[in-house]
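The following paragraphs guide the reader through a structure, element by element. Please keep the sequence and the three-dimensional view at hand while reading.

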Amino acid sequence: MNELKELAKFGLYSPEQEHDSCGVGVVANIKGGKSHQIVSEGIQVLINLGHRGACGRDPETGDGSGVMIQMPDSFFQIECASLGMPLPPANDYGVGMVFLPPQEDAQVKCQALIERVIVDEGLILLGWRDVPTDPRKLGRDARAVCPKIRQVFIGRGPGIEDPAEIERKLYVVRKIIEHSLADCGITEDEADYFYICSMSCHTIVYKGLLMALQIEGFYLDLADERVESAFALVHSRFSTNTLGHWKLAHPYRYLAHNGEINTLRGNINWMHARETQFESPMFGADMAKIPPMMTPGASDTACIDNALELLLMTGRDLSHAMLMLIPEAWEQHESMSQEKKDFYEYHSCLMEPWDGPAMIVSSDGHSICALLDRNGLRPFRYTITKDDKLVMASETGVLDVPAANVRQKGRLEPGRMFLVSFDEGRIIGDEELKHDLANRQPYGQWLKDNKVSLDDLPSPAGPSRISLPDVLQQQQAFGFTLEELRMMTSAMAISGAEAVGSMGNDAPLAVLSDQNQLLFNYFKQLFAQVTNPPLDAIREDLVTSLEAFIGREQNLFEETPEHCHQLKLHSPIISSEEFEKIRHLDVGNLRSITLSTLFDAQSGPGSMKTALDNLCEQASKAIIDGYGIIILSDRGVDSRWAPIPSMLATAAVHHHLIREGTRTKAGLVVESGDPREVHHFALLIGYGAGAVYPYLALETVRQMAETGELNGTKPDYAEKNFIKANEKGVLKVMSKMGISTVQSYRGAQIFEAVGLSQELIDEYFTWTPSRIGGIGLDTLEADALERHGRAFAGEQVAAERDLPPGGYYQWRRDGEFHQWNPDAIAKLQDAAQANNRESYKEFARLVNDQSKRTATLRGLLEFKKDRPSVPLEEVEPASEIVKRFATGAISLGSISKEAHETLGIAMNRMGARSNTGEGGEDYRRYTTDANGDTSSSAIKQVASGRFGVTPNYLVNATDLQIKMAQGSKPGEGGQLSGNKIDDYIGWVRKTTPGVELISPPPHHDIYSIEDLAQLIHDLKTVNSDARIHVKLVAEVGVGTVAAGVAKGHADVVLISGHDGGTGNSPESSIKYAGLPWELGIAETQQVLVANDLRGRISVQADGQLKTGRDAAIAALLGAEEFGYATAALVVNGCIMLRKCHLGTCSVGIATQDPELRKMFAGKPEYVINYFTFVAEEMREIMAELGFRTVNEMVGRADLLDSREAVDHWKDKGLDLSRLLYRDPKSDEVAVYCCEDQDHGLDTALDHQLIALSQRALEHQEPVTIDLPIRNSDRTVGAMLSGKIAKRYGEDGLPAGSIKIRFTGSAGQSFGAFLAKGIDIHLEGDTNDYLGKGISGGSIVVCPPSDATFVAEDNIIVGNTAMYGATGGEVYVRGRAGERFCVRNSGVRAVIEGVGDHGCEYMTGGAVAVLGSTGRNFAAGMSGGVAFVYDDEGDFEIRFNPGLADLEPVTDPEDIAMLRSMIEDHLNYTGSAPAQRILDDWENALPRFKKIMPRDYRRILDERKARGESKELETAPNG
Amino acid sequence: MGDPSGFLQSKRNPPQRRPVAERKSDYRELYQRWPENEAKAQGSRCMDCAVPFCHMGCPLGNVIPDFNHQVFLGNWESALRVLHSTNNFPEFTGRICPAPCEAACVLNINDDPVTIEYIEKEIADRGFDEGWIKPEPPLIRTGKKVAVVGSGPAGLAVAQQLNRAGHWVTVMERDEYIGGLLTLGIPDFKLDKEVVARRVDVMADEGVVFETGVNVGRDFPVKRLLAEYDAVCLTCGSTEGRDLPVPGRELNGIHLAMEYLTQQNRLLAGQSVDPSQRITAQGKRVVILGGGDTGADCLGTALRQGAEVVYQLELMSEPPEKRRSSNPWPQWPQILRSSPAHEEGGIRDYDVLTKSFTGRDGRVEQLHAVRIDWSQSDSNGRPMLQEIAGSEFVVETDLVLLAMGFLHPEHSGMIEELGVELDPMGNIKTDENKMTSLPGVFAGGDASRGQSLVVWAIAEGREAARGLDMYLMGRTSLPHSLPVTA
């Protein structure tokens, strides 16, 4: 514990960034009958979910698990009586389950505190009970931090009549104890042990730093037959860290959670801001004792538990409270009833959603409520038995239930909830629950009477336009450049979309730049990686919303019509007309006031601060005066008045009002000349703005249109386009973090600052991570004045009236510095092409010597020479060092075949590694050519698109890299436009040439850390020889994620910098998303070492690495491998056109144009020359620093010095000490990778399959296998497929060679990467990822023959089946969950019903659904064909028409295909629906809808017209 | 970059030069204008490189992709604004610059570069045609007085920048024309004198005062200069021509190139020349010593005057047709360059060292030369001059023109009287603000840089103006112009 605390204090680690995820399960008797069997079955479920938990360094110490049960009253009555502590009857007493410090004196102090508070609050202290435990059952690490565990029994005090009141009183007692702990005389470390797991009359929580298997042995109560409950809610945790905490185990007091709350920071701030408004007769004077409601520094689950508890204390039901926290996506729901929409809309006036992937099960002891968030990104399966038992969990098959006893098998759907009411003895479904809630109050009428819609307001006259010369002057004052008008603004105004670009960011961080910087530039967007998924705001827009209310919030403890008297906005970016409406707003209590955010440019230093203070004061006054909307305006800039940066003014007022507790009493509207890019709007909203009116940007756009600079776009359209582009962009920025609604994004502060002083952060951007210090208000003022001066001081110079040229995106001589400048490029090319050492040295000097113009953090560092140097010849040779080098993941498709293969050959010759990128690979490259060369990429990437990921691809790799994020656009997917996909590229990617390809933002099989562990397991299973990489991008918390990745058994973690390259990314992402790798590598090293995980995982750095010095610094900060991408292209001729996205690369690299490809002049020798120079440079540094091997220098951050540079940048207040912190533990534990991960493959079922398949494998003789299977048998079939691929390559075995029959519930990734020749028949059901990457095998899933439930109405298959499938056949007798056949490019599948997002991103293959589908079917589907049996005739509303058309099945070829699919299905599964359809074919056929992607049809028609067949017959040559 | 694939659709196509026969009969400019579509098509060939090497290659830092983009769009006035933001006189550089930008153009790697120079000329000429280039007097006068000595491109650039910054500027020129070498040194067929005059007129209308026939240090005392002006900028050029002190140099018929070229320009300007002083190539066997631009100017002039034969002899070896690998892109290519004059006639010879001249009646008749072997290098790796024994030869000649470059500014007179420090090459030494050792006295152009290109002269002038403005005002809004050395 102390180690992480030290690290948080001196290093880069931030505890807020800890994440966890997990398995959740419930066993319950619906009728409410209590038994011990329920408790022990709950624990059995926990054990069967064991693989979803994790352990750290100590294999016997888990990340935590626990169980919540009802109060075992009869047990306690007997137990306590025997302790001489007779208890009052049930419900008249509560039990506090307390973790106490192990130190006895501290225990005494804590207990005294508890006792005192209980008595003070008028309750009765009944006594204490030691919870019987067996510490021998604990792991070593868990034992070391084990608290003393005691239960306190509290009796109902006199005067408390209402049974609900004692629960409220216990809440007050607990809050007071928590708040007073620091003052009870114990040390901080002792206080860390203290925790109240539960304190209630109805429930009790047993939990701890336990593995699932240990819990029953440790807590002896749980094994006691007398302990009875109607339910057991269990949870097994997979945390990103290792130095676990007993208190972080779930369940919390009311809930267990699988997922993550992305908007946490905002939610906490908003809840805090509301506290002063809380009032309730139920609490009366007690209310003042409760705040802060949210435990400071708590995890996201602890916080949402706090929030749920608070809402329950307002008197709301469990289901009501849950729906307020996590509402379903209602805004764009086609078929939702008005009453429900009214309910949600009303409640959105009360509070913002807690947004993020969440599967939550909560209980108040009387009922259990389960809910899935709007995206449905966590699995939750349930089984209801005929004897009223409910078993639900993250997986199916966690408790053995005889098939004959199953009444129903289902799953929780996105946005849905259900409630088990023990009082009523039944399950109340989503419809009934929500209907009842929606009718509690006349919400619709209240909205009608009180809600104010912008559309309904009259249009006042707008302000007059700004004249042209004035616009120029205003633009200068706000720092506009010609470049941004030409590249950014015009792109948005013409096309309604953000500008895209390519290659990485090589310009300095804002704090290191010598150019005038906008405050916006100091902030970097954060993004989801691993622990939660980003979203696809385009393909899955049904869950997103830009709508939000602004105005005055009311007391959360009440519900009145007045609560929804707020202003509704369709979008946070508003036009001049909309703004004028707000400015003139005066309806009921909704009035607006405008506060100026200008400061006096002439009154000397400090005048901005004065203006800010004044502004905050005015805002406070406006609230007292009853204004519900505060407009912050910088209109009126002139020679005297300069604008405060809008970002600063907004955040200052926002945080001032939060601190003052009045923030929710008014909405903020920003009228500013500043914002003009997506990043700017995202920041303003992220720091509290409810709406932004960018008056100068809009005026600029209009004038550009009027002066003909927008290709003829009319001014009105240009303005609309500009707003639209920014709206889409803001949605995308939100989506990167997995946030769906602007309402919850507002104020969520999903940013990290680089180069802002802590003082500035604390005052204005409170809680924003900022880890290297930086500038303060004085610099911001000076920069603002410089811009202002440009506009107003230089006016006598006749020729200087234009805007500055810029140079931020493209190199300009007098603009921003770029590391890739003409000199550097020229020198490097000469060095590599002429093998000219002098030129390399010159190049390295240009890059390394940043004493004049610093671009990077490493530019601030110097080597400390306090070790004796060693002779150069004693340093390991360059030929060894180059093996640590890799080229970047650049896909074939984004670059030409010639360029791609050149890198492959060069790296293979050196024993280094090239990377396929996300585009598959031509299997002909796996054979060695006549020269002895092979161009096969050593690293094969597995990215979200899964293009060409076949078993053959996977087994021909030394490294398999899971790309979680990419430096240039972390949190985003990709797109390869159709015209870049020729026959060859399409063939390699297993898609149709000419059809656009979409890579989804998330991996659809990785929504959390345990999912990643599963994919690592999948890949390792196919190719156990390969190292499994996980590619991350630096951001605050990446070290913590890396620790989770290490615990998920990855062999390598790659930390990319924000500045990495791209073939196509939005410019705002290239510039503003992610952090420098220096921070990421240092944080990763620090956290891995502190957790003693570093020894089992290699760390690689990449992102604008160019020289040997770069690698040396990366090594000293903690990396042992190094990736170079841009430089490897530059040596092959790249001259940084940055036109990769256009395919017009004039040197034949980033293009597929046959003519341009001829221009490619690169050679493997150039690459080898370059890397040899780099290695030699590194050797020289090593010799000087006294290292003979790279391993010795890994993590020696103590040999880096920043003093000189920091002196140089003194005025900017930089402090790199956190970056250079070296954990003292580094001297005790491994600091570089020196051991293997235990992948736990020994127990894989596939070993049996392989043994039983020997005859087929060796002699191609058919074999038949029959085996049982259960949910802990994961990735079955993949290892066998790997063996087949290794031996038989792309062809596999003849169909039917290996026939396997399984019985039971199969674990995750059943049939993954199934190769040709394997046929699997499963009788039972499966979990998520069935048939992932299936590549020619076949799978049949049927319910057991003795099952009596109606298969086609029940869930047989989990989520995300056939993800990335490239071929084969699948037949499912029953229904599947979400995302069936996502990114399928070749499988033929028949199923009887699917959930939401079916056939998403599909590019090939054929799917027939013989029953109903969920929403958003065929989103992003660009190839293949699907048929849906639309019996109800309402499929169309659930179909996403974005890329595909809906049509009847009339083409004879289609009819024949569909019929044969159904016949096969009947044949393999005996399907009743198939039988019915075939029996009534004439009537059934018209009910089928065909889903045909438009692009795909166009290409097929073209091929047909050319007389070619649908598919390529032979492998094309590139 | 209006069209990302423009370079794939259009090939390089410079404007047509007038036919050789026609142009040899006059002194008018060689180049014709493009039709507008062709200009746009040529502009579209620009790839809008994110790292525009052209922009680096240009000493002025002309923002080439930006004006190419505007040309493609047909926004000529915007293009002119972009061009003027770094270059006061694009109509000069558009005509007589060797275009290092084009050498550095990325398309020059494996294709033909964008016709940057001609696009520049087209933009500037349209600017005058359309009346967009008009006087832009400053809004506010500072009341400060500045003298600029020398009216070549550097002096003109200083003057325009400082005038626009609000100072009262007087340009002093010892010759009878404003423009320095632009007017008197460069032949009309490369730069029509009207092109200089129209720019000077605009500047005069902006408020710049031009005084010709003022020779500072001779007929205008240096003391007065320092007393009457708040600051001074010396842009007097590098006018001391490199001579050839070999036996026979004193013979008649051997002239420095500038004597020859300025006389022809004066004649074309309508002046008369004393026949005894007349230098003409008509009917003569002419030898030009020096293979550079001045040599080519002499060649074009001699051919127009009706020379019988013209030899151009160069001491160095003949450069290769294509770059050597030791001279990779984007370095200035050391390759064989031909001026339009070389299309018109003349014979070039390389590796020739002139040993002496002989003649009769005091007139030159023979040039005695020897061939050089450059293949050996000295201990520093520099090629060594070695005469090839037995390779001596004689060229019969009537007129020898020495076009071997310039040494430094003339020291006698103004420079000596001012007493400013000189650098080891004999040029005026300046600090990073272009100020000389004498506070308030600045220098720029060839006078401080040594002989160089017009484009450098303009850049130097702009830089000096910035330093001078800063000196006068304590701050400046004028931009830097010289590249910052990283």
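This is a predicted model: local features need pLDDT of at least 70, side-chain atom pairs count only at pLDDT 80 or more; totals for chains, interfaces and linings use all residues.

**A guided reading of chains A and B**

In chain B, strand S6 and strand S7 (residues 309–313) run parallel and are joined by five bridges. Within the pair, Ile288(B) has Gln312(B) of S7(B) as its bridge partner. Strand S6(B) covers residues 285–289 and is mostly covered, four of its five residues being buried. Strands of a sheet are held together through backbone hydrogen bonds, and the pairing may be parallel or antiparallel.

Helix H3(B) comprises residues 36–44, and its buried residues are Ala39(B), Ala41(B), Gln42(B), Gly43(B) and Ser44(B). Against what do the buried residues of H3(B) pack? Their packing partners are four helices of chain B: helix H1 (6–9), helix H5 (64–73), helix H6 (76–84) and helix H9 (116–129).

The loop between H6 and helix H7 (90–96) of chain B holds Thr86(B). This residue has a relative accessible area of 9%, which is under the 20% limit, and Thr86(B) is therefore buried. Apart from neighbours within four places in sequence, Thr86(B) is in contact with Leu60(B), Gly61(B), Asn62(B) and Val63(B), and also with Arg462(B) and Ser481(B).

Attention now turns to chain A as a whole. The chain contains 49 helices and 55 strands. Its radius of gyration is 32 Å, close to the 36 Å given by the globule rule for 1518 residues, so chain A is as compact as a globular protein of that length. The C-alpha trace of chain A spans about 90 × 90 × 75 Å along its principal axes. Of the 1518 residues in chain A, 70% are buried. When contacts between residues at least 6 apart in sequence are considered, 74% of those in chain A join residues at least 24 apart.

Helix H22 of chain A, spanning residues 695–706, includes Tyr695(A). Is Tyr695(A) buried or exposed? Its relative accessibility is 4%, and Tyr695(A) accordingly counts as buried. Beyond its neighbours within four places in sequence, Tyr695(A) is in contact with Ile466(A), Phe478(A), Asp634(A), Arg635(A), Glu671(A), Ser672(A) and Gly673(A). Tyr695(A) and Val1276(A) are 581 residues apart along the chain, and their C-alpha atoms are separated by 60 Å.

A further region of chain A is built around strand S51(A). This strand, residues 1385–1391, is mostly covered, with six of its seven residues buried. Strand S49 (residues 1367–1372) of chain A pairs with S51(A) in the parallel sense over three bridges, and Glu1369(A) stands opposite Arg1388(A) in S51(A). Strand S51(A) also pairs in the parallel sense with strand S52 (residues 1403–1409) of chain A, over five bridges. There, Ile1391(A) has Val1409(A) of S52(A) as its bridge partner.

The last stop is Ala403(A), located in the loop between strand S13 (389–393) and strand S14 (406–411) of chain A. With 12% relative accessibility, Ala403(A) counts as buried. Residues up to four places away in sequence aside, Ala403(A) touches Pro1344(A), Asp1346(A), Ala1347(A) and Thr1348(A). By contrast, Ala403(A) and Glu709(A), 306 residues apart in sequence, are 70 Å apart in space from C-alpha to C-alpha.

Methods:
Residues are numbered from 1 along each chain as its sequence is written. Chains are lettered from A and ligands numbered from 1 in the order in which they are written. Side-chain values use heavy atoms; hydrogens and water are left out. Helices (H or I, at least four residues) and strands (E, at least two) are DSSP runs, numbered from the N terminus. The radius of gyration is taken over C-alpha atoms; the globule rule is 2.2 Å times the number of residues to the power 0.38. Buried means under 20% relative accessible area, exposed over 50%, partly exposed in between (1.4 Å probe, protein chains only). Contact means heavy atoms within 4.5 Å. Two strands pair if DSSP finds at least two bridges between them.
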